[in-house]
Amino acid sequence: FLVFLLGGLWKKINVFDAFIEGAKGGFETAVRIIPYLVGMLVAISLLRTSGTFEVIINGMKTLFLWIGADTRFVDGLPTALIKPLSGSGARGMMIDTMKTFGADSFAGRLACILQGSSDTTFYVIAVYFGSVSVKNTRYAVGAMLLADLVGIITSILLAYLFFGGVA
């Protein structure tokens with residue numbers, strides 16, 4: 001704090017006016033991104049309350065049972081599915097997974113790994129691109145979702161590597 005004040009005095013900058021201008025710009029940015037955030041929160045709420053996640057998870061479990069694969073990882077996937085939309089929503093899903101299956105269960109441990117291995121893709125796009133009024137995200141969404149997929153697959157592999165024997 002003192003370094004900023006002293007630097008401003010040394011460069012003969014009115015620090016208070018610079019602070020006020022920065023705060024005004026921050027407020028304007030916040031107002032610009034509110035519609036994007038509201039839209040994203042409504043979409044998350046619709047996905048959670050409509051039962052869409054349950055349908056997706058049950059479909060994936062059925063698919064992997066049909067293939068003959070181990071389906072323990074499917075119970076941890078709700079965290080991965082909501083993480084691109086909301087970090088706090090993914091945290092809620094992770095906690096719900098730990099409450100349902102146990103914190104030391106394979107699904108609980110996988111949910112924790114998933115929570116830390118991916119990013120909030122659509123939140124980043126809504127906030128960062130929305131704050132500077134970028135309308136055409138070009139390849140950003142695809143690249144970010146591909147990175148999320150790689151993170152999910154890697155998380156599942158690591159969970160099996162380190163916790164494969166946990167029931």
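Which residues make up the largest nonpolar core? I looked this up in a predicted model, where local features need pLDDT of at least 70, side-chain atom pairs count only at pLDDT 80 or more, and totals for chains, interfaces and linings use all residues. Residues are numbered from 1 along each chain as its sequence is written, and side-chain values use heavy atoms, without hydrogens and water.

**Entry 1: cores.** I found 11 residues in the largest nonpolar core: Ile-57, Phe-73, Val-74, Leu-77, Ala-80, Phe-106, Leu-110, Leu-114, Ile-152, Ile-156 and Ala-159. At least two residues of this core come from each of helix H4 (77-82), helix H6 (106-117) and helix H8 (140-163). A core here is a set of buried (under 20% relative accessible area, 1.4 Å probe, protein chains only) Ala, Val, Leu, Ile, Met, Phe, Trp, Tyr and Cys residues joined through side-chain atoms within 4.5 Å. I also noted a second, separate core of 6 residues, including Ile-44, Phe-53, Ile-82 and Ala-90.

**Entry 2: helix H3.** Just after H3, Gly-68 has a positive phi of about 95 degrees.

**Entry 3: Val-42 and Thr-154.** I located Val-42 in helix H2 (residues 15-49) and Thr-154 in helix H8. Val-42 counts as partly exposed because its relative accessibility is 44%, and Thr-154 counts as partly exposed at 37%; the class lies between under 20% (buried) and over 50% (exposed). The C-alpha atoms of Thr-154 and Lys-24 are separated by 42 Å.

Definitions and conventions. Helices (H or I, at least four residues) and strands (E, at least two) are DSSP runs, numbered from the N terminus.
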